[in-house]
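Here are a few notes to read with the structure open beside you. Take the points in order and find each residue as you go.

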Amino acid sequence: MESLFVNSLFFGTFLTAFCYVVSMSISKRLNSPFFNTLLFSVFLVILILKVANIKYETFMSGAQYVSYLLTPATICLAVPLYEKRALVKKYFFAIFTGIFVAVSANVFAIYIFSLIFSFTHLQYATFLPKSITTAIGISLAEEIGGTPNLTVVAICITGITGHIIAEPLCKFLKINEPVAIGVAIGASSHALGTTKAIELGETEGAMSGLAIVLTGILTVAILPLVSNLI
């Protein structure tokens, strides 16, 4: 039987914060991209819910308050962006071009995979917004005929993957320019990937924050035009 504490209003928020702090501590000690804080905390939450036999609905009734902070947290990325506004002015054309190519590549990749695996329109529309922040992706998926709940899963997987492989991939490809690194991370793996960009440096974090915004705007403009291709 679930205790009074488990059924309390903020149990889900407490458990989420606890698992994240524990995961962050473990991740720092192991210093391995495969022990990603976000991914590890998700598995830890699932493990605790399973072992303690706590219903997901009970957990989510309190954890939902964390999701309310997603949009304000994304907006806060404007602070480092403002501090690097000179770089934005200097490289704006290159930044915008890179983001446009990233959005186009994402749409093209989902389209090709949809043809290869014979996706239905529902599946195609669900995965199209995978590379934008959750706050935009949920409403956009619903608008173009996808399943918002599955879109959230796709967005999370995309972001966590970007967080894990961003740094080693840039090193492997010998990409050393902070602006290019930040734009690539933000345009492909939104806010979750941006946490890695912030770890890499102030410029990378600022450019990644800008990429989130522009990627979201471009995606909202483009997806309604291509959502009916399948």
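1. Start with Ser-189, which sits in helix α11. Keep in mind that this is a predicted model. Is Ser-189 buried or exposed? It counts as buried, because its relative accessibility is 2% and the cut-off for buried is under 20%.

2. Now look at what surrounds Ser-189. Its side chain reaches the backbone oxygen of Ile-185 at 2.8 Å. Leaving aside residues up to four places away in sequence, Ser-189 touches Thr-158, Gly-159, Gly-162 and Thr-194.

3. Next, zoom out to the helix pair. Two packed helices are described by the angle between their axes and the distance between the axes. Here, helix α10 (residues 148-172) and helix α11 (residues 178-200) have axes that come within 8 Å and cross at roughly 70°. That angle makes α10 roughly perpendicular to α11, because 65 to 115 degrees counts as roughly perpendicular.

4. Who makes that contact? From α10, the residues include Thr-158, Gly-159 and Gly-162, and from α11 they include Ile-185, Ser-189 and Leu-192. Sorted by class, the contact of α10 with α11 has nine nonpolar, nine polar and three charged residues.

5. Finally, have a look at helix α9 (residues 134-144). Which of its residues are buried? They are Thr-134, Gly-137, Leu-140, Ala-141 and Ile-144. Viewed down the axis of α9, these fall within an arc of 130°, so they line one face of the helix. On the face turned away from that buried side you'll find the exposed residues Glu-142 and Glu-143. Just after α9 comes Gly-145, with a positive phi of about 95°.

Definitions and conventions: Residues numbered from 1 in each chain as written. Predicted model: local features only at pLDDT ≥ 70, side-chain atom pairs only at ≥ 80, totals over all residues. Heavy atoms only, no water. Axes fitted to C-alpha atoms, helices over the stretch in contact; angles between N-to-C directions. Helix = DSSP H or I, 4+ residues; strand = E, 2+ residues; numbered from the N terminus. Parallel < 35°, antiparallel > 145°, perpendicular 65-115°, else oblique. Contact = heavy atoms within 4.5 Å. Nonpolar A, V, L, I, M, F, W, Y, C, P; charged D, E, K, R; others polar. Buried < 20%, exposed > 50% of the residue type's maximum accessible area, 1.4 Å probe, protein only. Polar contact = N/O pair within 3.5 Å; in protein donor to acceptor, adjacent residues only side chain to side chain. Arc of directions from axis to C-beta.
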